[in-house]
Amino acid sequence: MKVERLIPYLREGRWPTIWCPGCGNGIILKAFLEAVDELKIRRDRMAVVSGIGCSSRATGYIDFNTLHTLHGRAIAFATGVKLAKPDFKVAVLGGDGDILAIGGNHFLHACRRNIDLTIVVFNNMIYGMTGGQNSPTTPLEKVASTAPFGNIEKPLDVVKIATAAGATYVARATVYHYPLLVRYIMKALKHRGTSVVEAVTNCHTYYGRYNKIPNAAKMLEYFKNNSVMLDKSKNMSPEELENKIVIGEFHEEDKPTFHDLYKKIAAKFIS
């Protein structure tokens with residue numbers, strides 16, 4: 001795709017971004033915009049919501065109906081938008097800390113309600129905006145500013161949590177696997193119900209530097225060499241899968257959405 005096609009989706013006066021050179025957030029944002037463009041979703045019929053964090057600044061750079069909200073509350077705001085404007089396509093762009101730490105409860109309940117939201121989790125495995133603290137997804141033994149001798153807290157698995165909580169489309173890709181990322185976000189946007197796409201991305205400024213992967217190119221190379229497609233992973237032992245990133249489409253089903261059930265109940269009382 002020619003980049004020129006994406007320019008109408010941007011608030012050019014807000015550029016350049018605050019993101020560090022080489023940050024994977026820009027790759028995810030481009031993948032999101034490419035998916036929107038391919039699906040020909042009208043900007044005035046779409047809302048994009050974010051909370052607080054490096055990735056959450058994305059809503060300031062794109063020309064949609066956007067909300068840059070409170071830390072951890074993006075999904076709550078997005079739920080309100082979807083209830084008020086059920087005909088709108090509503091997406092949430094947020095980081096691993098924003099979505100899974102302070103916003104974890106909202107994430108769980110959006111999934112269980114199967115409300116028609118597309119949630120893109122920018123997972124850089126660290127808090128990038130506030131000083132490189134370990135996040136809910138920091139791998140075991142990896143270094144962060146608040147875990148200088150290695151993280152001892154078991155990381156959360158975005159895919160497993162989303163599936164267990166009831167999300168009806170769940171996928172994961174890395175920023176190295178850009179075509180997959182675009183494809184999964186497209187499928188998520190078309191899907192009716194809660195769709196979750198985990199985008200594993202690089203924060204070489206903190207995570208990479210602390211863990212001896214000091215630049216963007218090296219982190220992309222790491223994603224390339226340490227990612228395994230889901231189908232292949234099913235034939236691998238736990239030892240072979242250790243420290244691997246399993247990518248692919250993990251779950252997809254067609255179930256009534258929150259709005260479907262709401263309208264069914266409302267019909268009993270509205271003549």
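A: Two strands count as paired if DSSP finds at least two bridges between them. The model is predicted, and every value below is computed from it.

Start with β3, residues 89-95. On one side, strand β1 (residues 46-50) pairs with β3 in the parallel sense. Four bridges link β1 and β3, which means the pair meets the cut-off of at least two bridges. Strand β4 (residues 118-123) is also a parallel partner of β3, over five bridges.

One residue ties these pairings together. Ala91 in β3 is the bridge partner of Val48. Ala91 also stands opposite Thr118 in β4.

How covered is β3? Seven of its seven residues are buried. Both faces share in this. Lys89, Ala91, Leu93 and Gly95 are buried on one side. Val90, Val92 and Gly94 are buried on the other. Note that Lys89 is on that buried list.

Now the loops. Gly51 sits in the loop between β1 and β2 (65-68). Gly51 has a relative accessible area of 0%, so it is buried. Gly103 is 52 residues from Gly51 in sequence. In space, the C-alpha atoms of Gly51 and Gly103 are 9.0 Å apart.

The loop between α4 (104-113) and β4 holds Asn114. Asn114 is not a glycine, yet its phi is positive, about 55 degrees. Its relative accessibility is 4%, so Asn114 counts as buried.

Asn243 lies in the loop between α10 (238-241) and β8 (245-252). At 57% relative accessibility, Asn243 counts as exposed, whereas Asn114 is buried.

Why flag such residues? Most residues other than glycine have a negative phi, and most peptide bonds are trans.

The peptide bond between Trp15 and Pro16 is cis, with omega about 5 degrees. Pro16 belongs to the segment before α1 (25-39).

Last, the surface charge. Glu141, Glu239, Glu240 and Glu242 form a negative surface patch. Glu141 comes from the loop between β4 and α5 (158-165). Its relative accessibility is 68%, so Glu141 counts as exposed.

To recap: β3 has parallel partners in β1 and β4, and its two faces are covered.

Conventions
Residues numbered from 1 in each chain as written. Predicted model: local features only at pLDDT ≥ 70, side-chain atom pairs only at ≥ 80, totals over all residues. Heavy atoms only, no water. Buried < 20%, exposed > 50% of the residue type's maximum accessible area, 1.4 Å probe, protein only. Patch = residues over 30% accessible without salt bridge, like charges linked within 9 Å, V, L, I, M, F, W, Y side chains within 5 Å. Areas by Shrake-Rupley, 256 points an atom, 1.4 Å probe, with all protein chains shown as cover. Salt bridge = Lys/Arg side-chain N within 4 Å of Asp/Glu carboxyl O. Lys, Arg positive; Asp, Glu negative; His and termini not counted. Charge placed at Lys NZ, Arg CZ, Asp CG, Glu CD.
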